[in-house]
Amino acid sequence: MQKLEFKSKTQKLCSLALMLAMSLIIFTVEAQIPVPVAIPGVKLGLSNVITLFMLVKFEKKDAAAVLLLRVILGSIFVGQGVYFLYSIAGGALAFVAMAVFLALSKCQNIWFAGVLGAIFHNVGQILVAIAIFESAYVGYYFVVLAFCSVITGVFTGVTAQVASSYRVK
Amino acid sequence: MKKSTLVLIIITATMLVTSGVGTWWVMRKNDNAKIAKVYQNDTLLYEIDLSKVEKPYTIEIKGENEKLNTIEVRNGEIGVVSASCPDKLCVNMGFAGDSYLPIICLPNDIMIVVETEGDEFDAKT
């Protein structure tokens, strides 16, 4: 999959700003959608579409920068403070998992990176929860979160794959 | 369809089934609910023998910044009935005793674990 080429630094800066704005909008709108299951940590994870799209189309460090800024600004705008640690740990693990998979698969089967990203996001969340509560009992949540993640991960992954298949002029 | 795609679809389906069975396993009704342990900020606040509760009663747990959770204890069941946090997830989770999942309130750092008799699993690691 071809990376995007930028004619100037300004064009690149604008593209990155646009990506950040889009992921923040998705993140904010998603926070307003009620989730039908009362399990802490379950959500659609739609803003992962942007991270995945950027991993395919942009340089890795740019994708990482946008992800980091989205997590920080996202917790300021919508989240409560306590969720920041969960977001950052989940986001970082998901990012690494997706980047490794895309490097191995040479950007084929992008949808599966969405599934992996969602599951590794849960791994990060659960590790933080175990550290905060100092209890292995919260590990029970992992199976429930993973089940929801496989479903939502397929959707975000397919969305990112379709989005990446368009040629950008 | 490429072979690699097919393999990944099979892996995804396997993960879905495995975690689905796992979800059913932890969400199944816990009939042997016995000892409830209420933790706040990693400290054990209450240890309640649920089978000896005759009349339902409530406990209020206060946290910093006027955080407040009200916990109701009934025979064989324990749950959060009101919370000062905005998402109310711990309230919506219902009563433990319904499942093996511990009830947790992330904003107020409260965890309720229901242990069954003969449960060897160690809460504190």
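**Figure 1. The interface of chain B with chain A.** In this predicted model, 27 residues of chain B are in contact with 24 residues of chain A (contact: C-beta atoms, placed from the backbone, within 7 Å). The elements that give two or more residues to this side of chain B are α1, α2 (89-92) and β8 (110-116) of chain B; helices (H or I, at least four residues) and strands (E, at least two) are DSSP runs, numbered from the N terminus. The largest share, 11 residues, comes from α1(B). By residue class, the side of chain B that touches chain A divides into 15 nonpolar, nine polar and three charged residues. Here Ala, Val, Leu, Ile, Met, Phe, Trp, Tyr, Cys and Pro count as nonpolar, Asp, Glu, Lys and Arg as charged, and the others, Gly among them, as polar. For the complex, the predictor gives an ipTM of 0.82 and a pTM of 0.84. Residues are numbered from 1 along each chain as its sequence is written, and chains are lettered from A and ligands numbered from 1 in the order in which they are written. Local features need pLDDT of at least 70 and side-chain atom pairs count only at pLDDT 80 or more, whereas totals for chains, interfaces and linings use all residues.

Figure 2. Chain B has two helices and eight strands, and from the N terminus on its elements run α-β-β-β-β-β-α-β-β-β. Of the 125 residues of chain B, 27% count as buried (buried: 20 or more other C-beta atoms within 10 Å of the residue's own; exposed: 12 or fewer; partly exposed: in between; C-beta atoms are placed from the backbone). Among contacts in chain B between residues at least 6 apart in sequence, 40% join residues at least 24 apart. The mean pLDDT (the predictor's confidence in each residue, from 0 to 100) of chain B is 80, and 87% of its residues reach 70 or more. Confidence in chain B is highest in helix α1 (residues 3-27), at a mean of 91, and lowest in strand β6 (residues 95-96), at 73. Over residues 119-125 of chain B, pLDDT stays under 50, and the model has eight contacts beyond four places in sequence for this stretch. Where pLDDT is low, the predicted coordinates should not be read in detail.

**Figure 3. Packing of α3(A) against α4(A).** The axes of helix α3 (residues 60-77) and helix α4 (residues 83-105) of chain A come within 10 Å and cross at roughly 160 degrees. Axes are lines fitted to C-alpha atoms, for helices over the stretch in contact, and angles run from 0 to 180 degrees between N-to-C directions. α3(A) and α4(A) are therefore roughly antiparallel to each other (angles over 145 degrees). The contact is made by K60(A), A64(A), L67(A), V71(A) and S75(A) of α3(A) and by Y83(A), F84(A), S87(A), I88(A), G91(A), F95(A) and A99(A) of α4(A). These residues divide into eight nonpolar, three polar and one charged.

Figure 4. L55(A) lies in helix α2 (residues 48-57) of chain A, a helix that is mostly covered, with 10 of its 10 residues buried. The buried residues of α2(A) pack against α1 (9-32), α3, α4, α5 (110-133) and α6 (140-165) of chain A. L55(A) counts as buried because 27 C-beta neighbours lie inside 10 Å. Not counting residues up to four places away in sequence, L55(A) touches K60(A), A63(A), M98(A), A99(A) and L102(A).

Key. Two residues are in contact if their C-beta atoms, placed from the backbone, lie within 7 Å. Angles under 35 degrees count as roughly parallel, over 145 as roughly antiparallel, 65 to 115 as roughly perpendicular and the rest as oblique.
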